[in-house]
2 protein chains.
Amino acid sequence: MGRLTGGDPSLLRRINSAVVLHALRGGDARTLTDLTRLTGLSRPTVEGVTEGLIEAGLVVEAGPEEREVRRQGRPARRFRFRAEAGHLLGIEIGPHRVAALLSGLDGRIIGAGTRGVAVTASADERLERVRSAVADVLRRTGVARGALRAVGVGTPGIVEADGTVRLCTALPGWTGLALGERLRRSFRCPVLVENDANAAAVAEHWKGAAIDSDDIVFVLAGLSPGAGSLIGGRLHRGFGGAAGEIGALHLLGRGDKPETLLSTTDEPLHPLDEHAVAEVFTAARRGDERAMAAVDRFTQRLVHDVGALVLALDPEVVVVGGWAAGLDGILPPLREELARFCLRPPRVELSLLGEAAVATGALRLALDHVEEQLFAVEGTVTARR
Amino acid sequence: MGRLTGGDPSLLRRINSAVVLHALRGGDARTLTDLTRLTGLSRPTVEGVTEGLIEAGLVVEAGPEEREVRRQGRPARRFRFRAEAGHLLGIEIGPHRVAALLSGLDGRIIGAGTRGVAVTASADERLERVRSAVADVLRRTGVARGALRAVGVGTPGIVEADGTVRLCTALPGWTGLALGERLRRSFRCPVLVENDANAAAVAEHWKGAAIDSDDIVFVLAGLSPGAGSLIGGRLHRGFGGAAGEIGALHLLGRGDKPETLLSTTDEPLHPLDEHAVAEVFTAARRGDERAMAAVDRFTQRLVHDVGALVLALDPEVVVVGGWAAGLDGILPPLREELARFCLRPPRVELSLLGEAAVATGALRLALDHVEEQLFAVEGTVTARR
């Protein structure tokens, strides 16, 4: 049973500090008068808190170029949030490539780097590519490794809370890998590992196709689709971190594997051979009948899988990303079939972030972690945004 | 932006009041010394708050039989929660029957009543059966209608927040019915309408097969299954209240309707003819090959539908209820297939509440509503249990 332990002055100071910092994060430099008005705090409180934030390195007096110009008299001092007080990395580790995005504490991206990697690469090779991509982006932006406050990582598979990959069929050597622990050796800050589709869902909600909704399903459409979902704006990982792994549904139905489904010959495609898959779609557009039948089988399967997610979760918006989202003729049948058969059909949108979705979501998760530290106040009282 | 507005004496009084009431709801009569120890509040505060609760009718001094017996001296006064200070109804409105459960403010059931109703009954007829069942249970228990504090209702279909049925294929005249509004004419207290599978999920979590888990899916298994789910202990309704309506999944796959799937002739069964369905299962047990094939098709479909829910949501426990849960041979294949194909298979349990699940969940929803009024304190500060 919780009880109010009112009147803790340090708690109050932290709340006021978070309130002022939040008001400053909008971007513009603010005067003390602005802050008093925005926060509803008294002027002496705002002054004291701002001094504390300056000492902590999170706030700085704005330079002359950010100040208003007055004909006479001394201009009012203005303060701004120091986005450069710390940096964040968002990393995607995928079958074909690794990617890294770098931002300041405001989440604005200031650097990016990618490295190709063979589908068959070992875990060590893949991690070496990650380190190389990260070193490159840090070097090019001149950001010191020690300035990193948090690193987010998006990767295929079921990921435990400690960053261990419990199960991953897409990347060699990935199942059982203590990915969080391995990466923490490269960074002296928290490393947060998340399933790639989950990260992409977060990204599309942050700055993609679903910024206006808190109830979304992101479908990472490939041969075997995965999904991430936000419920009430919060990532739904499931009890064991396996929510959205809808690709296994056809196994339950004893259906064909997707690599057989989309093959135009008697041989299945290689599950990660996107080039061969794209060729089937190209052939279908040319009118090749076997290819058209294969694409139809593939599309029906995707509709069925997305339908299962929609019926189970009833999201407001479905965002379709992953390489298959870029294929012609995927979205219209998805929209039509969901509208026909779902009791309350969702909006269906194409990913706006495309290839950047997973790394962007990983970056957002890193930012969430840092913001929790900057803004959270222990217990049940939090500043609402 | 939220800020602490500390030192509101009426807020503090309400918090303390909720804290003391919560301590008393455990069941046993308590002395003021007990309450001081249990709540951490001062003795004068406990005394003042208890007086207020007695005036409000929620607490009473316990009778002599509830007091400790002492050889000498005056025994300490004991106080108990007045569960009889108000009453709650949980109502199921189903295709074949309506049922009502009555409880005091402690949620303990003190009366029950059911009425059969024809599948083909009109909405008015069905509501008349509801009123009759309710009048009967109130009369037999001697509880006045005016003593009802809240009524919960569970019914098939997609239900809007105001209690209007947006869509229901199972009951004639149900789609578009302002069910909440209609029932509010019979009661002078809040009426909360909920989808039946959602209500059953709440019930199994409260006092059924899933009391030890906060992440559950309840499957209302019939010819066409529906589902309700709790995520982190909270009901997941979906953006449009349609979450869990997995029965539509086979439509997306252009599969047979369930009434065709389970037929042993060329004619489909009537979708709500449970007797005919049970006969198919009986024939299958006798070794009838057509019946065995029909049961196998039905079971595979159920496994597929439940698999879709499990892959989308990743619950800790799946509880299977509804009439099909009582059929022989349903659970073992469900357990086996989920264990084989789900990346993280959930526990699969049979409903413990059986036919009572929907009404029990409706009762719990009514109780939740009243408890919110008794215990909730406005704003962001709430007493944790």
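Biologist: Hi! What should I know about the model before we start?
Modeller: It is a predicted model, where local features need pLDDT of at least 70 and side-chain atom pairs count only at pLDDT 80 or more, while totals for chains, interfaces and linings use all residues. Residues are numbered from 1 along each chain as its sequence is written, chains are lettered from A and ligands numbered from 1 in the order in which they are written, and side-chain values use heavy atoms, with hydrogens and water left out.

Biologist: Thanks. At what angle do helix H10 of chain A and helix H10 of chain B cross?
Modeller: Their axes cross at roughly 75 degrees and come within 9 Å; each helix covers residues 289–313. Helices here are DSSP runs (H or I, at least four residues), strands are E runs of at least two, and both are numbered from the N terminus. Axes are lines fitted to C-alpha atoms, for helices over the stretch in contact, with angles from 0 to 180 degrees between N-to-C directions.

Biologist: And what do you call that arrangement of H10(A) and H10(B)?
Modeller: H10(A) is roughly perpendicular to H10(B). That label covers 65 to 115 degrees; under 35 is roughly parallel, over 145 roughly antiparallel, and the rest oblique.

Biologist: Which residues make the contact?
Modeller: From H10(A) they are His304(A), Ala308(A), Leu309(A), Ala312(A) and Leu313(A), and from H10(B) they are His304(B), Ala308(B), Leu309(B), Ala312(B) and Leu313(B). Contact means heavy atoms within 4.5 Å.

Biologist: How many of those are nonpolar, polar or charged?
Modeller: Eight are nonpolar, two polar and none charged. Ala, Val, Leu, Ile, Met, Phe, Trp, Tyr, Cys and Pro count as nonpolar, Asp, Glu, Lys and Arg as charged, and the others, Gly among them, as polar.

Biologist: New topic. How many salt bridges are there over all chains?
Modeller: There are 48, a salt bridge being a side-chain nitrogen of Lys or Arg within 4 Å of a carboxyl oxygen of Asp or Glu.

Biologist: What is the N to O distance for Arg25(A) and Glu371(A)?
Modeller: It is 2.7 Å in that salt bridge. Arg25(A) sits in the loop between helix H1 (9–24) and strand E1 (30–31) of chain A and Glu371(A) in helix H12 (residues 357–375), so the pair ties together parts that are 346 residues apart in sequence. Arg364(A) and Asp368(A) are linked with these two in a network of salt bridges.

Biologist: Is Glu371(A) buried or exposed?
Modeller: Glu371(A) is buried at 5% relative accessibility, whereas Arg25(A) is partly exposed at 21%. Buried means under 20% relative accessible area, exposed over 50%, and partly exposed in between (1.4 Å probe, protein chains only).

Biologist: What does Arg182(A) form with Asp124(A)?
Modeller: A salt bridge, with the closest N and O atoms 2.6 Å apart. Arg182(A) is in helix H5 (residues 179–184) and Asp124(A) in helix H4 (residues 123–141) of chain A, 58 residues apart. In chain B, Asp124(B) and Arg182(B) also meet in a salt bridge of 2.6 Å, N to O.

Biologist: Last one: how is chain A divided into domains?
Modeller: Into domain 1 (9–81), domain 2 (86–202 + 357–373) and domain 3 (213–351); the bounds come from an automatic or database domain assignment. The C-alpha centres of domains 2 and 3 of chain A lie 25 Å apart, and 15 residues of domain 2 are in contact with 17 residues of domain 3.
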